[in-house]
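Please walk me through this structure, taking each chain by itself and then the place where they meet.

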Amino acid sequence: MDTAKTPVDKLTYTQALTELETILRTLQSDSCDVDRLTELTRRAAALLSHCRSRLTATDKELREILDSLEATPQAGE
Amino acid sequence: MESFGNFQVEEVTSSPQAISLRELTSIVAHLVSDSSTRDRWVTAEIMDFAVRGGHCYMELVDKDADTGKTLAKLRAIIWASVYPRMSAMFCAATGQQLASGLKVMVKVTVNFHSVFGISAVISDIDPGYTMGDLVRRRNMMIQQLKDEGIYDMNRSLPWPDPTLRIAVVSARGAAGYGDFIHQLYSNPLRLRFTTRLFEAVMQGERAPASMVAALGRIAAEADEWDAVAIIRGGGATSDLVSLDNYELASHVAQFPLPVIVGVGHERDVTILDYVAGMRVKTPTAAAEWLVGRAGAQLDGLRDIATRLLRAVSDTLSGNSRQLSFYQGQIPVLAAGVSQRAAARLQRYGVSLSAVASGRIVRRLDGLSAMSDKIAMAVSTRVRTHADRLDAAATLLKVLSPEATLKRGYSITRIDGHSVTSAEDVPAGATLVTTLASGTITSTVNQS
């Protein structure tokens, strides 16, 4: 499925990754159109950032997660 | 009173020889204490295993292999003086703590105690027998799972990319769980893991059913999770028998999400290690594996980013190289074009002059030929005319009045008009007669 038109934040990790690889192949091919270079690069950067943010958490989020984990056993016991 | 008295009398008088219970039990004890019951190796299954005050208590049972009916049962004890050594040796050899459900080969001495009755004191154990039994039982379970076609199901599930939402089956407050969580969330890559504990009893006879129930709770919300981690603190407290359970193995094998098992066992494996999508030794190792996997995803992204950058800069530099090549080429090409154009012009000029002069020469030749012709024609014409003039002149000379006059003719005029008829001459008119030489004036007398 072609996802090039789908907003990045609507994509699953796997879809984003697949599209990234497609863009990469396009860029690496001899037939890459210079007119599309900016557009493709911008899209690739957005996809990368989307995938990274799916994988990694900010400091604040990590603290919240750890706090909630520490709170749970105490509440249960 | 009387009957009481009679009874007393009767008892005293007619009672057979009796011994005290203590005497009887000491006889039993003596009978039991025989070389045939001393230091005998026996095989049995352990039940109701418990450690109290350092001593180890259990029931040894012998069950019918087919029906499971208890055929024999005997209380057994391992004294605190030998239990630690025996337990460590057993554990080292089997990777398994002594526990209920194990089949063991033990060296026992049967002992009869006046108060506690008959029991066996265990002085040694052969771990090889238990190992063999565990392996045999596990192999039977594996075969059954294979026969049912479910053995490979979990192992052939793909691990989702990324695997970040982990449903954890473990015991609350267990050291292994803490290690797992710590390892997962303190990863230096700050990977965004999500976990929730689905509590289960992880040891003992209740463990399999409890873990199956926890798996059921996860299955009910399987969309929320990427994978399941079954973890349990390891070390000396391990109890593999409770995990070597067919029902549990069957549930893990058929679980719709990939399962990673880290039940804290260094030496041996359980049936779960065979059927789970991934097996590691400890909860910490399970977390490390998950972190490593997600970290590899990050590395993959970094790699893609690098390749993207290279592809973009390659394309850009390739194009700009092409542009600068053209830029360099344009003056050269332009100069070449103008040089060629100039050369061409020159060539044209040369050939044009050659052609032109050729033509001019030809034309000039034509012209000069023509002038000759004209001259000739003119002279011919002139000559013709001259001849004609000569002829005319000759004729003229012949026809001229002078010539006629010379031949004797004369011209008579009256008042300047020539007279051609006598009727035109009245009497008295003056006639002027012109002769070839001179004139005569006469007057007419009669007409």
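Accessible areas here come from the Shrake-Rupley method with a 1.4 Å probe, and for residues only the protein chains shown count as cover. On that basis chain A exposes about 5,000 Å², with carbon and sulfur atoms supplying 52% of it. This is a predicted model, in which local features need pLDDT of at least 70 and side-chain atom pairs count only at pLDDT 80 or more, while totals for chains, interfaces and linings use all residues. Residues are numbered from 1 along each chain as its sequence is written, chains are lettered from A in the order in which they are written, and side-chain values use heavy atoms, with hydrogens and water left out.

If buried is understood as under 20% relative accessible area (1.4 Å probe, protein chains only), 34% of the 77 residues of chain A are buried. With contact meaning heavy atoms within 4.5 Å, 68% of the contacts in chain A between residues at least 6 apart in sequence join residues at least 24 apart.

Chain B, with 447 residues, of which 33% count as buried, contains ten helices and 14 strands. Its accessible surface comes to about 26,500 Å², and 58% of that belongs to carbon and sulfur atoms. Among the contacts in chain B with a separation of 6 or more, residues 24 or more positions apart account for 64%.

Where the chains meet, 27 residues of chain B are in contact with 31 residues of chain A. Buried area, the accessible area (1.4 Å probe) that two parts lose on being put together, summed over both, is about 2,600 Å² for this pair, 69% of it on carbon and sulfur atoms. On the side of chain B, Arg190(B), Arg192(B) and Leu301(B) lose the most area to chain A, together 25% of what that side buries. Both α5 (175–185) and α9 (283–399) of chain B supply at least two residues of the side that touches chain A, and α9(B) gives the most, with 14 residues.

Between chain B and chain A there are zero salt bridges, a salt bridge being a side-chain nitrogen of Lys or Arg within 4 Å of a carboxyl oxygen of Asp or Glu.

Notes
Buried < 20%, exposed > 50% of the residue type's maximum accessible area, 1.4 Å probe, protein only. Helix = DSSP H or I, 4+ residues; strand = E, 2+ residues; numbered from the N terminus.
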